[in-house]
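Morning. I have one structure to go through, and I will keep to what can be computed from it.

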Amino acid sequence: MISKSDIEELFGPYLSMIKDENIREGTVKAWVIGCERGNWQSVDELKAMPFTLLTDCKGVNFIEHTLAVTEGALQLAKAQEKHYANMPYGIDYDRLIAGGILHDVGKLMEFEKDGQGGYRKSHAGKCARHPISGAILADEIGLPEEIVNVIGCHAKEGDGRPQVIETVLVHQADFATFNPLVMITKGNLINE
Ligand SMILES: [Fe+2]
């Protein structure tokens, strides 16, 4: 069983940046419940799990991806705050960090082991892709609706839809980690 303290250890440095206790606790709770519902038993399993089934992850695991997207979104926010004399919008860092940690939480329910050392889409995943299942989970826990927007709209489901700025930043950080892997598979990443 994956406990609250396991999740706190995985995401500790980022969780500690979340000032609002309810958001911090809710973020951990969503991961614990996601692990239960997806039947993930150990942190080692989470670290062995690919972050997408849509392309070859080249060994990048689900936890590494979640951490990289959270850090990427954070730095995109800080870059604008550092260099814009007049920020056109405010950035809510609790929302941004919780949204980064949670953007793919629905994958805990969307993926399952295929029994042959690989992974496949679960029945739940066929019924609701991870932005939908993750958004439902966050809403059920009582996380703010803006964090529900980050989760629900971070991928193609959010294209052309109203988004909070934190959704935009998480989306860009997410695709900055995903697109190069797709490009490698297609032979389109110039990598020499
Ligand atoms: Fe992602």
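This is a predicted model: local features need pLDDT of at least 70, side-chain atom pairs count only at pLDDT 80 or more; totals for chains, interfaces and linings use all residues.

Residues are numbered from 1 along each chain as its sequence is written.

The protein has 10 helices and 2 strands; these are DSSP runs, H or I of at least four residues for helices and E of at least two for strands, numbered from the N terminus. From the N terminus on, the order is α-α-α-α-α-α-β-β-α-α-α-α. The radius of gyration is 16 Å, close to the 16 Å that the globule rule gives for 192 residues, so the protein is as compact as a globular protein of that length. The radius is taken over C-alpha atoms, and the rule is 2.2 Å times the number of residues to the power 0.38.

Now the pair. α1 and α2 pack with their axes 10 Å apart, at an angle of about 135°. Axes are lines fitted to C-alpha atoms, for helices over the stretch in contact, and angles run from 0 to 180 degrees between N-to-C directions. Contributing to the contact are Ile7 and Leu15, among others, of α1, and residues including Val28 and Trp31 of α2. Contact means C-beta atoms, placed from the backbone, within 7 Å.

Last, Ile147. Which residues does Ile147 touch, leaving aside its neighbours within four places in sequence? They are Arg95, Ala98, Gly99, Leu102 and Ala138.

Key. Two residues are in contact if their C-beta atoms, placed from the backbone, lie within 7 Å.
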